Amino acid sequence: KAGSLWSLAVSPDGQWLASGDSANNIHVFHLDSLQHHVRVPSVETSHTALCFHSDNRTLAIVSCTRHLYLYDVESHQLHHWTRGHHLELPRNFWKHTGHVASATFHPTRPDLLLMVSQKWFCTINLDLHPSLAQPLLLEQGKDESD
């Protein structure tokens, strides 16, 4: 069953396009050939964010339950990081309200995944154990006219 388009991500080299819909279908298309490449296996709950790593083959998928999955679009399988760590995000990451609205890899530090909601921001260093991630609360700015 197809749903409404929910999210898009393009690999940095422009070779891959990932699309996700409201029925939690995630598809990857090869942009050079304009062909469907793979339907990513469904994650346990709806995804809220998609982004590609600078290696151009790893797709990050964040679910509404704040689980992080890394999927290798070329080998059609979960990245080894996911198999070992996707359920091990830090406890203080779970206590904040709001879902991940957007995710991206840091442009000069590809080991860092940046995730943001309306109220918090978190970086996860994929080279370290994920329990070391530190969510930061975003402070609401004051109106400068006050």
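In this predicted model, D72 is buried, with a relative accessible area of 11%. It counts as buried because its value falls under 20%, the limit for that class. D72 forms a salt bridge with R57, and the closest N and O atoms of the two residues are 2.9 Å apart. D72 belongs to strand β7, while R57 sits in the loop between β5 and β6, so this pair ties together parts that are 15 residues apart in sequence.

R57 itself is partly exposed, at 28% relative accessibility. R57 also forms a salt bridge with E74, where the closest N and O atoms are 3.3 Å apart. E74 is found in the loop between β7 and β8 (77–78), and R57 in the loop between β5 and β6, so the pair ties together parts that are 17 residues apart in sequence. E74 is partly exposed, with a relative accessible area of 38%.

How many salt bridges does a search of the whole structure find? The search finds 3, and they are set out below.

| Salt bridge | N to O distance |
|---|---|
| D72 and R57 | 2.9 Å |
| E74 and R57 | 3.3 Å |
| R109 and D111 | 3.1 Å |

The pair R109 and D111 is next. R109 is partly exposed, with 38% relative accessibility. Is D111 buried or exposed? D111 is buried, and its relative accessible area is 15%. The place of D111 in the chain is the loop between β9 (102–105) and β10 (112–116). Besides the salt bridge with R109, the side chain of D111 makes a polar contact of 3.3 Å with the side chain of N125. Apart from neighbours within four places in sequence, D111 is in contact with I124, N125, L126 and D127.

The nonpolar residues form cores. The largest nonpolar core has 16 residues, and L68 and L113 have the most contacts inside it. Which strands each supply at least two residues of this core? They are β5 (47–52), β6 (58–63), β7 (68–72), β9, β10 and β11 (120–125). The largest share, 3 residues, comes from β11. A second, separate core has 15 residues, including V40, V43, L50 and Y69.

The remaining values describe the chain as a whole. Its secondary structure comes to 2 helices and 12 strands. Along the sequence the elements follow the pattern β-β-β-β-β-β-β-β-α-α-β-β-β-β. The chain has 146 residues, of which 42% count as buried. Among contacts between residues at least 6 apart in sequence, 33% join residues at least 24 apart. The chain exposes about 8300 Å², and carbon and sulfur atoms supply 53% of that area.

Conventions:
Residues numbered from 1 in each chain as written. Predicted model: local features only at pLDDT ≥ 70, side-chain atom pairs only at ≥ 80, totals over all residues. Heavy atoms only, no water. Helix = DSSP H or I, 4+ residues; strand = E, 2+ residues; numbered from the N terminus. Buried < 20%, exposed > 50% of the residue type's maximum accessible area, 1.4 Å probe, protein only. Contact = heavy atoms within 4.5 Å. Areas by Shrake-Rupley, 256 points an atom, 1.4 Å probe, with all protein chains shown as cover. Polar contact = N/O pair within 3.5 Å; in protein donor to acceptor, adjacent residues only side chain to side chain. Core = buried A, V, L, I, M, F, W, Y, C linked by side-chain atoms within 4.5 Å. Salt bridge = Lys/Arg side-chain N within 4 Å of Asp/Glu carboxyl O.
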